[in-house]
Amino acid sequence: MRTRVFSVVAVLLSIAVLLFSCEFGAAESNNALEEFQNNFDIMWAEDNFKTSEDGKTWFLSLDKETGCGFLTKQRYRFGWFSMKLKLVGGDSAGVVTAYYMCSDKDAAPERDELDFEFLGNRTGEPYVIQTNVYKTGVGNREMRHSLWFDPTEDFHTYSILWNSHQIVFFVDRVPMRVYKNNDKPNDFFPNEKPMYLFSSIWNADDWATRGGLEKTDWKKAPFVSTYKDFKSDGCEWKDPYPECVSTTTEKWWDQYDSWHLTDSQKEDFAWVERNLVVYDYCKDTKRFPELPEECSLSPWD
């Protein structure tokens, strides 16, 4: 009799634990989805946006009809911003996955912008990362890098450090590109307009892969890029002017140590410069017989 009672109690306890786990899991999933909805808006093609069961991982898909994208509700001026991405696997020629900051919700002619663009390729060929910087609508400041890993196999962290002295593009905390300011009024360093953060996927087979020679193979669609763990530590913009902009030296991302690369970051950056640079507009004298002003600024200072 005692054994039978213990068995019934054990079953009831198991059911209670299972119910609690289901309720806890559902609550956690709802909280994660609510967190996304509190921080982001879907820009277009909501049907091409999906989440994992726990709501913590987000999937953007591209088909022949449309891509998809989302952006933060909040604008920022200066800070540290990061996202984990896993890129489209297999044959992704013509497909661009993007993670970027922009002062406008559309491609306004006077926009400021900081770009991470991941340019797809044929199966077996490596991805190329393109970064770009826009000031008042003028870009043409492209750099391209290869990577030391396959970005389709697992998540990696892509980050932007932005203060009034420099902009640094990081991959897994390795500085890939350093874009300096000369601390004078100029036409090349975006430091006045607050920016949203965006993530998107779209078809760009007119230019993305081998200059547009490789077209998107729609038989492989849908193409899916995956995002999670967005983190922001920045000055949230509040009209007409947030207090944190005038007191940014209180934040780690705008203290002296963040105005320059650290010694260990310089070692990593030197390795990137030796091994991973595919294209640098500052060395393209055919395209720019007179190099842009910012090209004279040393990333090492």
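## Strand β5 and its partners

Strands β5 and β14 run antiparallel and are joined by eight bridges. Within this pairing, G79 has G234 of β14 as its bridge partner. The model described here is predicted. Strand β5 also runs antiparallel to β10, to which seven bridges join it. In that pairing, F81 stands opposite I160 of β10.

Strand β5 is mostly covered, with nine of its eleven residues buried.

## Overall composition

The secondary structure of the protein consists of three helices and 15 strands. The protein has 301 residues, of which 48% are buried. Among contacts between residues at least 6 apart in sequence, 67% join residues at least 24 apart.

## The eight-stranded sheet

Eight strands form an open sheet with antiparallel pairing, and their order is β1-β4-β13-β6-β7-β8-β9-β15. The edges of this sheet are β1, residues 40–44, and β15, residues 277–280, each of which pairs on one side only. Direction ignored, neighbouring strands of the sheet are turned by 15° against each other on average.

Strand β8, residues 128–134, and strand β9, residues 143–145, pair in the antiparallel sense over three bridges. Here Q130 has R144 of β9 as its bridge partner.

## Nonpolar cores

The largest nonpolar core comprises 57 residues, and the residues with the most contacts inside it are Y99, Y158 and W162. A second, separate core has six residues, among them A98, C102, Y196 and F198. In soluble globular proteins, nonpolar side chains tend to be buried together.

C102, one of the residues of the second core, has a relative accessible area of 2% and is therefore buried. C68 is buried as well, with a relative accessible area of 0%.

## Positions annotated as active site

The unreviewed UniProt entry lists E113 and E117 under "active site". E113 is found in strand β7, which covers residues 113–119, and β7 lies between β6 and β8 in the order of the open sheet.

Is E113 buried or exposed? Its relative accessibility is 9%, so E113 counts as buried, the limit being under 20%. Residues up to four places away in sequence not counted, E113 touches Y100, M101, C102, N132, V133, Y134 and M195.

D217 is placed in the loop between β13, residues 196–203, and β14, residues 223–236. With a relative accessibility of 18%, D217 counts as buried because the limit is under 20%. Apart from neighbours within four places in sequence, D217 is in contact with D91, R122 and F223.

S146 is found in the loop between β9 and β10, the latter being residues 156–162. The relative accessibility of S146 is 18%, and S146 therefore counts as buried. Not counting residues up to four places away in sequence, S146 touches Y127, M176, N275, L276 and V278. Among these contacts is V278, which falls within the residue range 277–280 of edge strand β15.

The structure holds one disulfide. This bond joins C282 to C295, with an S to S distance of 2.0 Å. The angle about the S-S bond is -80°, and the link of C282 and C295 is left-handed. Both cysteines lie in the segment after β15, so the pair ties together parts that are 13 residues apart in sequence.

C282 has a relative accessibility of 18% and therefore counts as buried.

Note on methods:
Residues numbered from 1 in each chain as written. Predicted model: local features only at pLDDT ≥ 70, side-chain atom pairs only at ≥ 80, totals over all residues. Heavy atoms only, no water. Pairing = 2+ DSSP bridges. Helix = DSSP H or I, 4+ residues; strand = E, 2+ residues; numbered from the N terminus. Axes fitted to C-alpha atoms, helices over the stretch in contact; angles between N-to-C directions. Core = buried A, V, L, I, M, F, W, Y, C linked by side-chain atoms within 4.5 Å. Buried < 20%, exposed > 50% of the residue type's maximum accessible area, 1.4 Å probe, protein only. Contact = heavy atoms within 4.5 Å. Disulfide = S-S within 2.5 Å. UniProt positions renumbered as here; feature names shortened; annotations may be inferred.
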